[in-house]
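The following exercises concern the packing of one protein model. Please work through each task with the structure at hand before reading its solution.

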Amino acid sequence: VQWYWRKRGGMRVCLVPLLVALGACAIWEDNTQTQLQPKINSTGPLEFKGKVGLFVVTMGTREEHVQKFEKVMDRKIHRVSGVDAKTLHQGHLYKDKEVIMHYCTPTKTIALAMAHRNAIQAFLDSDYSHAVIFEDDVMISHKWKRPYFISSDSVLEVIAQQSDELGVDWLNLGRCVDKCLADRTVTTFIDHDVYNFEFVDSTNPMCAHSYMMNKASAKKIMKHTWPMWNVWDVMPIMMHVADRGQGNKNFKLLSITPRLFEQDRWKLKDGIHHDDNLECGPWKQSFRYSYESEKMVFDREMKFANVSELMFKHYSKKCPKAYYEEPKPKLKKKKKD
């Protein structure tokens with residue numbers, strides 16, 4: 001029999017399956033069953049000695065949106081130019097084994113991965129100890145009624161400090177379509193009425209519009225994501241799943257919930273997606289995504305031989321002939337007399 005706990009007001013209610021007994025719910029006061037309480041950390045004095053830098057991948061067309069976000073964050077955000085997909089030729093990338101994906105991916109997907117890697121390299125070349133990488137459609141999650149707390153001088157530093165203590169390589173600050181029913185709470189932060197969030201280990205924390213890392217993790221991510229073997233936000237998920245058997249000593253991915261950031265998929269008309277982009281996906285969708293990631297790890301026999309070597313089967317994917325042909329120059333239409 002599995003037992004589930006849900007907090008209601010000042011009480012805790014125990015829910016059991018109806019097959020056990022109808023109406024078999026009991027109520028305990030808060031001063032009992034303390035062993036079921038998640039670990040709660042008080043932020044206390046900040047001992048963080050590093051410095052968190054903010055970087056955004058942008059094509060420039062959303063500069064106005066980035067400026068508004070920078071104003072809300074009240075912190076300098078370093079721009080990193082995106083990669084124009086039109087300048088890439090996927091056939092050459094496959095032929096040169098720069099891309100070793102299991103399907104013929106469009107150049108937009110490759111360009112996005114390249115841009116994120118450029119942002120991480122910019123961080124490695126900087127004096128910051130930690131970085132948050134954003135995409136240019138990022139915005140503070142609407143769930144936070146007082147968003148100013150995220151832009152304060154200490155919150156990101158508190159998160160960075162705790163992330164280091166937990167040995168996190170990729171901390172997703174804006175996960176989407178995750179299978180939240182499978183969340184495992186690692187630690188909870190509460191600071192009176194200012195904020196209340198958790199670090200969770202989950203199965204499918206997709207989306208890469210906001211994530212944090214330190215210098216050591218950045219080097220590891222750069223090493224293990226090129227040649228490109230999957231889409232950018234799926235690679236860290238698969239590395240985390242592949243290393244679970246070793247206690248995630250080589251690569252660990254955690255997420256913050258409620259998420260701090262989300263994407264503006266409605267006001268910005270030039271995006272690929274126009275949906276609600278929920279933090280927790282519908283059950284069927286999130287279960288399917290989670291299953292597919294785990295299946296790919298199993299099929300490719302992914303594992304870490306050590307911290308510097310990620311091993312998996314490579315697929316020789318044959319793409320349509322058009323992938324390997326040189327793009328033909330567009331002919332200018334002749335003006336009619």
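Two residues are in contact when their heavy atoms lie within 4.5 Å. The model used here is a predicted one.

**Exercise 1.** Determine which residues of helix α1 (residues 63–73) are buried, and what they pack against.

*Solution.*
Step 1. Buried means under 20% relative accessible area. In α1, this applies to His65, Val66, Phe69, Glu70 and Met73.
Step 2. These residues lie on the same side of α1, because they cover an arc of only 135° around the axis.
Step 3. Glu64, Lys68 and Lys71 are exposed, on the face of α1 turned away from the buried side.
Step 4. The packing partners of the buried residues are the strands β5, β6 (77–81), β7, β8 (138–140) and β14 (261–263), together with the helix α4 (155–165).
Step 5. Just after α1, Asp74 has a positive phi of about 55°.

**Exercise 2.** Identify which residues touch the most other members of the largest nonpolar core, and which element supplies the largest share of this core.

*Solution.*
Step 1. The core holds 56 residues, of which Ile120, Trp170, Trp229 and Trp232 touch the most other members.
Step 2. Elements that each supply at least two residues include α3 (107–124), β12 (210–214) and α7 (283–299). The largest share, nine residues, comes from α3.
Step 3. Among the residues that Trp232 touches are Ala113, Ile120, Trp170 and Tyr211.
Step 4. A second, separate core has 31 residues, including Ile77, Leu156, Val158 and Phe261.

**Exercise 3.** State what percentage of the 337 residues is buried.

*Solution.* Buried residues account for 48% of the protein.

How values were computed. Residues are numbered from 1 along each chain as its sequence is written. This is a predicted model: local features need pLDDT of at least 70, side-chain atom pairs count only at pLDDT 80 or more; totals for chains, interfaces and linings use all residues. Side-chain values use heavy atoms; hydrogens and water are left out. Buried means under 20% relative accessible area, exposed over 50%, partly exposed in between (1.4 Å probe, protein chains only). A nonpolar core is a set of buried Ala, Val, Leu, Ile, Met, Phe, Trp, Tyr and Cys residues joined through side-chain atoms within 4.5 Å. Helices (H or I, at least four residues) and strands (E, at least two) are DSSP runs, numbered from the N terminus. The arc is that of the directions from the helix axis to the C-beta atoms. Lists of a residue's contacts leave out its neighbours within four places in sequence.
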